[in-house]
Amino acid sequence: MNVTTNADLHCHSVISDGTLTPEELAQRAKSQGVDLWALTDHDELGGQARAAAAAATLGLDYLTGVEISVSFLDQTVHIVGLGFEADNAALRQGLIQTRGGRAQRAHDMAEDLARVGIKGTFEGALKYAGNHDLISRTHFARFLVETGVCKDTYEVFRKYLTEGKPGYVAHRWATLRQAVTWIRDAGGMAVVAHPARYKFSANEEFALFTEFKGLGGQGVEVVTGSHSAAESVTYADVALEFGLAASRGSDFHSPEESRTNLGELPALPAQLTPIWSLLQDRIQRAPQALAHS
């Protein structure tokens, strides 16, 4: 497996804030020509066994995955973990702690939206949350589209639920040290997800990658669904500067909402080290007869 491998190592199921089941995602990945797949639900491992089983049935190589919410310099940063032991007790307990404040945050978001005349959003969002412990802004956004407040989820996040707009409520997540430590101690590798999405200054971003590397972080998403071609070039340079492996993932959530389908990303730049080349012993290999069927 090299930079031309069609690896998609970032997507979400109904276990967090996606709209497809782990099995449906596996089928979609297979039909899109994905060679190596990971399900990376937010702060939750509940879909891992189902995803791995579905991948094996379809002849699709699989890596365990998770996306951990981290607070860094008063912003939320996402750290993807890949190739870890999914039954690791410390990782599971850490994720329980991390997602524990979501329910209160959701009530606070609903109250803030009610103050600008948008009622019933907590109950409405809950309908979209397959896992009520992981109710999120995405579920609120889907309800605001359903009720005609906005025409699509992109408009929701322009007008609501982001910093300075109605419905935004900050949350203290795990620390960067905790997230990287949980992943490493479970035998996996930590990756900074979609770095172009964060609103850091150049100095703050340097601090993020310096601390991440110092804690044992090993990768950065270079090619991802929310990166432009220019941003992928920028973070290819960051990978080389900090000695990080490169990851690739669509961040797919839904056929109706996601701009990039599973498996439809450009290849990684040739000069980079793919994160999956460092995870060969962690890949759950599909039976060869199925993989080539």
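Among contacts in the chain between residues at least 6 apart in sequence, what percentage join residues at least 24 apart? The figure is 74%, where a contact means heavy atoms within 4.5 Å.

## About the model

This is a predicted model, in which local features need pLDDT of at least 70, side-chain atom pairs count only at pLDDT 80 or more, and totals for chains, interfaces and linings use all residues. Residues are numbered from 1 along each chain as its sequence is written, and side-chain values use heavy atoms, leaving out hydrogens and water.

## The overall shape

Let's start with the whole chain. A compact globule of 293 residues would have a radius of gyration near 19 Å, and the chain agrees with this at 18 Å. That radius is taken over C-alpha atoms, and the globule rule is 2.2 Å times the number of residues to the power 0.38. Along the principal axes, the C-alpha atoms fill a box of roughly 55 × 45 × 40 Å.

The chain has eleven helices and eight strands. Both are DSSP runs numbered from the N terminus: helices are H or I with at least four residues, and strands are E with at least two.

## Surface and charge

Of the 293 residues, 55% are buried, meaning under 20% relative accessible area with a 1.4 Å probe, counting protein chains only. The accessible surface comes to about 12200 Å², and 50% of that belongs to carbon and sulfur atoms; such areas come from the Shrake-Rupley method with a 1.4 Å probe.

There are 26 positive and 35 negative side chains, and the centres of the two sets lie 2 Å apart. Lys and Arg count as positive and Asp and Glu as negative, while His and the chain ends are not counted. Each charge is placed at NZ of Lys, CZ of Arg, CG of Asp or CD of Glu.

Now look for an open sheet of three strands, paired in parallel in the order 1-2-3. Its edge strands, strand 1 (7-8) and strand 3 (61-62), each pair on one side only. Two strands pair if DSSP finds at least two bridges between them. Strand 1 and strand 2 run parallel and are joined by two bridges, and A7 stands opposite L36 in strand 2.

Most residues other than glycine have a negative phi. D43 is not a glycine, yet its phi is positive, at about 55°. You can find D43 in the loop between strand 2 (36-37) and helix 2 (48-58), where D43 is buried with a relative accessible area of 0%.

H194 also has a positive phi, of about 25°, without being a glycine. H194 sits in the loop between strand 6 (189-192) and helix 9 (202-214) and is buried, with a relative accessible area of 1%.

Key: Buried < 20%, exposed > 50% of the residue type's maximum accessible area, 1.4 Å probe, protein only.
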